[in-house]
Amino acid sequence: MHTVLWRIDADNIENSIIKKAACLLKEGGLVAFPTETVYGLGANGLDPSALRKIFEAKGRPQDNPLILHVAELKDAFHLAEKVPSKARILMEEFWPGPLTLVLPKSRFVPPEVTAGLDTVAIRMPAHPLALALIREAGLPIAAPSANRSGYPSPTTASHVLDDLEGRIDAVLDGGPTGIGLESTVLDVSGERPVILRPGGVTEEDLRRVIGEVELDRGITDSGIAPKSPGMKYTHYSPRAEVILLYGETPRVIAERVIMWMEKFASEHKMAGLLLTEETWNCLGASQDYLRAKNAVYVKNIGSRQNLEGIARLLYDELRRCDKAGADVILTETYQEEGIGRALMNRLRKSSGYRIADC
Ligand code: TXA
Ligand code: MG
């Protein structure tokens, strides 16, 4: 299959391209498109055979349900059997935006979307291209992240092509995505709202609007099965082994970087380093030493005062380490507040929950 690439300016949308892309979706094709979080792999959310193609193209396990993307509130109400008042408040406050709501499903939702569950995940993305495409198609669009299953989600069109070229019909290239991590998945189908996946809308944001919110314990405790099917798989993982660096101060972290690099050198391993500004400054004269040693990729990923900036770069940088031929990736860890929760959730998963000691 030839994958068509359409470049499109999100500030000046060329309607003829949106029409062609929407046409492909209506005909049962697969079209990747940008959202404010990551690129999604879109298909007609009401067409079982189009939905099955998503699983095939991504190599996605059959029991992992999909998110339906809508452009109008009334479509969410059509796809959900009932919408509790807290869910309504959240839609008003955070849609369009990086919040996915899990609701009891209506009879219009095919089982291919929900993997047989009686709930459906719905979100309204805040990206002009995504909204234009969904409106033009006039359909709910099922869209998982547009990566090969298990690999980090794509934040650029070239990531999508790296993973799926030849396996999907088209990619709408609207430039890099803004948030860089996936949406928050919040289950509002039961008594109390539960975060199944931390993401772009933070726990603090949710609390401010609806009060008490639980965090699924399966998210933080690797010994407990998560409630969201997708969270149980090895995920967000580059080919290289990911090692998480802990340390109380940048100086301690910098010392540990050097220790790890000595160890990797003795094991003849090539390393990728994703370090914060603070650690980078502490390394001082050792910066050149790292470069000269067995570091195939070194990146100052920004200040730990700006976790949003780090979140935006993370997946791209993990992929760059792979491309540079790293066997191992050393990455720092972050305070678990705000977007830091989602960041640490993805980092822990990408490291396979290994806590390594040097
Ligand atoms: O930001 C995002 O959410 C991106 C963009 C493209 O919108 N999409 C995305 O989709 O990350 P995906 O398929 O990669 O992740 C969807 C997550 C999975 O963990 C899945 O198991 C969970 O949502 N999910 C979907 N339906 C569910 C349901 N009914 N109950 C519980 N979890 C559900
Ligand atoms: Mg995904």
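Me: In which loop is Pro-96 found?

Reply: This is a predicted model. Pro-96 is found in the loop that runs between helix H4 (85–94) and strand E5 (99–104).

Me: What makes the bond between Trp-95 and Pro-96 a cis peptide bond?

Reply: Its omega is about -10°. Most peptide bonds are trans. The bond that joins Trp-95 and Pro-96 is cis.

Me: What is the phi of Ala-115, and where does Ala-115 lie?

Reply: Ala-115 has a positive phi of about 50°, although it is not a glycine. Most residues other than glycine have a negative phi. Ala-115 lies in the loop between H5 and E6.

Me: Which side chains make polar contacts with ligand 1, and why are they called that?

Reply: A polar contact needs a pair of N or O atoms within 3.5 Å. A polar side-chain atom of Arg-60 lies 2.9 Å from an oxygen atom of ligand 1. For the side chain of Asn-64, an N or O atom is 2.6 Å from an oxygen atom of the ligand. For the side chain of Arg-123 the value is 2.9 Å, again between an N or O atom and a ligand oxygen. These distances fall within 3.5 Å, so each pair counts as a polar contact.

Me: How much of ligand 1 does the protein bury?

Reply: Taken alone, ligand 1 exposes 680 Å², and the protein buries 97% of that.

Me: Which residues come nearest to ligand 1, and how does its shell divide by class?

Reply: There are 25 residues around ligand 1, of which Thr-37, Asn-64, His-69, Ser-183 and Gly-230 come nearest. By class, the shell holds twelve nonpolar, nine polar and four charged residues.

Me: How much space lies in the largest pocket, and what lines it?

Reply: About 660 Å³ of space lies in the largest pocket. It is lined by 41 residues, and Arg-60, Asn-64, Pro-65, Ile-67 and Arg-197 are the closest to its centre. E6 supplies the largest share of the lining, four residues. The lining has 18 nonpolar, 16 polar and seven charged residues.

Me: What is the make-up of the second largest pocket?

Reply: The second largest pocket holds about 210 Å³ of space. Of its 13 lining residues, Tyr-151, Asp-162, Asp-163, Arg-319 and Lys-323 are the closest to its centre. Helix H7 (157–164) and helix H13 (307–323) each give two or more residues to this lining, and H13 has the largest share, five residues. The lining divides into one nonpolar, three polar and nine charged residues.

Me: Why is the space lined by Thr-184 and Ile-195, among others, called a cavity?

Reply: In a cavity a 1.4 Å probe fits but cannot get out, and that is why the term applies here. The count comes to one cavity of 30 Å³ or more, and the largest cavity has a volume of about 50 Å³. Its lining includes Thr-184, Ile-195, Glu-203 and Arg-341. By class, that lining has four nonpolar, four polar and two charged residues.

Methods. Residues are numbered from 1 along each chain as its sequence is written. Chains are lettered from A and ligands numbered from 1 in the order in which they are written. This is a predicted model: local features need pLDDT of at least 70, side-chain atom pairs count only at pLDDT 80 or more; totals for chains, interfaces and linings use all residues. Side-chain values use heavy atoms; hydrogens and water are left out. A residue is near a molecule or strand if one of its heavy atoms lies within 4 Å of it. A polar contact is a pair of N or O atoms within 3.5 Å; within protein, one must be able to donate a hydrogen and the other to accept it, and residues adjacent in sequence count only if both atoms are side-chain atoms. Accessible areas come from the Shrake-Rupley method with a 1.4 Å probe; for residues, only the protein chains shown count as cover. Ala, Val, Leu, Ile, Met, Phe, Trp, Tyr, Cys and Pro count as nonpolar, Asp, Glu, Lys and Arg as charged, and the others, Gly among them, as polar. On a 1 Å grid over the protein atoms alone, a cavity is a set of points where a 1.4 Å probe fits but cannot get out, and a pocket is an open set with protein on both sides within 12 Å along at least five of seven lines; lining residues have an atom within 4 Å of a point. Grid points are joined across faces, edges and corners, and a volume is the space filled by probe spheres set on the points.
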